[in-house]
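Please look over the chain below before reading on; the paragraphs that follow lead from its overall layout to its individual side chains.

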Amino acid sequence: MNGNRKGRSFLTNGFLLSGVLVLLIVYISSNSLWSIGTIVAAVLIAAMSAFQFWLYFHFFRKH
């Protein structure tokens, strides 16, 4: 697992979570399905994505 050693999995996870968030927002907006649960889910996905990016840039990015 040479790619994991460089932290690329964190960056990949961040991009995947961002893509899921965009698809979720587009789907919910087009069908007018907004509720408190969908807002909480979108905020949690955004937080997980931001955490993955933070992990990558804080620990694995070469300065």
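Among the contacts in the chain with a separation of 6 or more, 79% are between residues 24 or more positions apart, a contact being a case of heavy atoms within 4.5 Å. The model is predicted, so that local features need pLDDT of at least 70 and side-chain atom pairs count only at pLDDT 80 or more, while totals for chains, interfaces and linings use all residues. Residues are numbered from 1 along each chain as its sequence is written, and side-chain values use heavy atoms, with hydrogens and water left out.

The secondary structure consists of three helices and zero strands, in the order α-α-α from the N terminus; helices (H or I, at least four residues) and strands (E, at least two) are DSSP runs, numbered from the N terminus. Of the 63 residues in the chain, 19% are buried, where buried means under 20% relative accessible area, exposed over 50% and partly exposed in between, with a 1.4 Å probe and protein chains only. The chain exposes about 4900 Å², of which carbon and sulfur atoms supply 70%; accessible areas come from the Shrake-Rupley method with a 1.4 Å probe, and for residues only the protein chains shown count as cover.

Helix H3 has 25 residues and reaches 36 Å from its first C-alpha to its last, close to the 36 Å expected at 1.5 Å a residue, the expected span being 1.5 Å times one less than the number of residues. The buried residues of H3 pack against H2, and they are Thr38, Ala42, Ile45, Ser49, Gln52, Phe53, Leu55 and Tyr56. Ser49 counts as buried because its relative accessibility is 4%, and, leaving aside neighbours within four places in sequence, Ser49 is in contact with Gly14, Leu17 and Ser18. Gln52, at 14% relative accessibility, also counts as buried, and touches Phe10, Asn13, Gly14 and Leu17, again not counting residues up to four places away in sequence.

How many aromatic pairs does the structure hold? There are five, where rings of Phe, Tyr and Trp (its six-membered ring) pair if their centres lie within 6.5 Å, and planes under 30 degrees apart count as stacked, over 60 as edge-to-face and the rest as tilted. The pair of Phe10 and Phe60 is stacked, because the ring centres are 5.4 Å apart and the planes are at 20°. Since Phe10 lies in helix H2 and Phe60 in helix H3, this pair ties together parts that are 50 residues apart in sequence.

In the loop between helix H2 (8-31) and H3 sits Trp34, which is partly exposed with a relative accessible area of 41%. Ser32 lies in the loop between H2 and H3 as well; its phi is near 50°, a positive value in a residue other than glycine, and Ser32 counts as exposed at 62% relative accessibility.
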